[in-house]
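Please read the points below with the sequence and the 3D view side by side.

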Amino acid sequence: LKIRHNAVLGYFVETTAAHGARMRAEPLAGRFRHRQTNANVLRYGTEELTALETRILNAGARALDIELALFAGLRGLVLSETAAVTGAAGALAEIDLSTAWAEIAVEQDWSRPAVEPGRAFAIAGGRHPVVEAALRRVGATGFVANDCDLSGDMSGAPPGTISTGGAPVWLLTGPNMAGKSTFLRQNALIAILAQAGAWVPARSARIGVVTQLFSRVGAADDLARGRSTFMVEMVETAAILNQAGDGALVILDEIGRGTATYDGLSIAWATLEHLHDVNRCRALFATHYHELTGLAGRLPGLRNATMAVREWEGEVIFLHEVRPGAADRSYGVQVARLAGLPAAVVDRARAVLEALERGEREGGARASALLDDLPLFAPRPAPPAPRPPPAALARLDAVDPDAMTPREALETLYALKALRAAEG
């Protein structure tokens with residue numbers, strides 16, 4: 001006998017057809033009820049199997065009832081100890097966060113910041129924790145640390161007052177790819193970490209409480225709402241100028257670059273003056289409008305800073321160091337070459353740049369007077385005629401490797417090598 005199960009009959013006893021006569025005779029016929037006949041087997045049911053099947057089918061539901069009852073009891077116990085469980089969870093979260101911060105501080109040489117009332121913001125040897133970790137993973141040279149001092153107090157001083165300590169507003173100029181954005185963001189991150197209770201990626205840090213933190217970085221549009229990249233930039237800038245108080249920290253990366261040069265310069269100029277005279281907050285303002293550096297002579301709370309670079313044999317070397325002073329160039333053409341623009345485009349851009357700079361040096365000549373000299377309007381040289389493909393390459397294209405014998409393949413290889421040598 002075999003006890004089997006299927007979805008139609010449930011549990012049943014199965015025998016071979018050879019035992020059919022015995023199963024139909026007494027005393028088996030009274031105990032086994034015939035249920036199905038197949039070609040080679042007979043299937044029967046019994047009262048014991050029916051009772052067993054009922055218990056098995058009910059076992060799943062009963063197990064679920066038992067589990068729900070146990071869960072309800074456990075839930076009641078937890079609810080009765082809500083205060084203790086919540087306190088333990090909070091304590092474990094604090095321990096987890098504190099140990100994680102402590103591990104990072106030890107491994108990455110972070111220091112304990114001094115957070116105090118007032119407008120202090122003096123960071124020595126500050127670093128960007130994410131960029132530094134990325135450099136470490138790829139085995140690159142160490143992150144170049146930089147100082148930042150925005151401690152000058154202009155909050156209650158009348159216009160024209162000279163700031164005490166570091167200037168509260170820095171105007172940062174310098175080449176693309178030199179580290180301006182990294183410098184802005186690392187100081188904002190250090191402020192957040194310090195006020196969250198963590199140690200910070202710096203040699204030392206003294207930070208007055210930052211009541212607000214605003215950033216205007218990157219480029220993004222909102223086309224679904226009819227906002228261009230420049231419109232989004234202006235909306236974000238407007239929010240900063242309308243909300244930032246004297247305890248705020250503001251980082252602004254490239255204001256006014258999405259419109260005409262004079263429009264953008266005017267907006268950046270007015271924004272910088274408003275931050276200095278009206279908001280009177282601590283701010284880092286990165287720009288490629290070198291004309292703005294002249295404001296340092298008339299805004300007492302403004303300091304010029306620049307990213308250091310060196311030129312060597314026509315190459316630009318980024319030192320990633322923040323130094324006092326102003327940049328005279330942005331090295332955009334060099335960065336374009338590094339990005340892989342075709343050499344013809346880079347050469348033409350350099351020629352156009354030289355012509356524009358020459359016109360500016362000669363007294364700001366009108367654009368119409370420069371048209372004849374500007375390479376942009378000169379006849380373009382005809383593109384070079386395409387070179388015919390090498391004979392060896394043409395021969396290789398005609399080869400069908402699947403149709404060649406080993407000897408033919410070897411002979412073809414020698415022939416290709418001879419053609420290549422003949423072409424030099």
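**Notes on the predicted model**

1. Residues are numbered from 1 along each chain as its sequence is written, and side-chain values use heavy atoms, with hydrogens and water left out.

2. The chain holds 13 helices and 14 strands, and buried residues make up 33% of its 424 residues. Of the contacts in the chain with a separation of 6 or more, 63% are between residues 24 or more positions apart, where contact means heavy atoms within 4.5 Å.

3. Strand β7 belongs to an open sheet of four strands in the order β5-β9-β6-β7, with mixed pairing; two strands pair if DSSP finds at least two bridges between them. The edge strands, each pairing on one side only, are β5 (114–116) and β7 (146–149). From one strand to the next, the twist averages 10°.

4. Which residues stand opposite isoleucine 123 in β7 and β9? In β7 the residue opposite isoleucine 123 is cysteine 148, and in β9 its bridge partner is alanine 205. Strand β6 (residues 121–126) runs antiparallel to β9 (residues 204–208), with four bridges joining them, and β6 also runs antiparallel to β7, with three bridges.

5. Helix α6 lies across β5, β6, β7 and β9, and runs at about 115° to β6. For such angles, axes are lines fitted to C-alpha atoms, for helices over the stretch in contact, and the angles run from 0 to 180 degrees between N-to-C directions.

6. The second largest pocket is lined by 16 residues, of which Val131, Leu135, Phe143, Thr182 and His320 lie nearest its centre. The elements that give two or more residues to this lining are α5 (129–137) and α6 (180–196), and the largest share, three residues, comes from α6. A pocket is an open set of points on a 1 Å grid over the protein atoms alone, where a 1.4 Å probe fits, with protein on both sides within 12 Å along at least five of seven lines, and lining residues have an atom within 4 Å of a point.

7. Aspartate 109, in the loop between α4 (82–107) and β5, has a positive phi near 60°, and at 59% relative accessibility it counts as exposed. Glutamate 254, in the loop between β11 (248–253) and α8 (261–279), has a positive phi of about 70°, but glutamate 254 is buried, with a relative accessible area of 16%.

8. Where is the cis peptide bond that joins glutamate 26 and proline 27 found? Its omega is about 5°, and proline 27 is in the loop between α1 (20–24) and α2 (28–31).

Notes
Predicted model: local features only at pLDDT ≥ 70, side-chain atom pairs only at ≥ 80, totals over all residues. Buried < 20%, exposed > 50% of the residue type's maximum accessible area, 1.4 Å probe, protein only.
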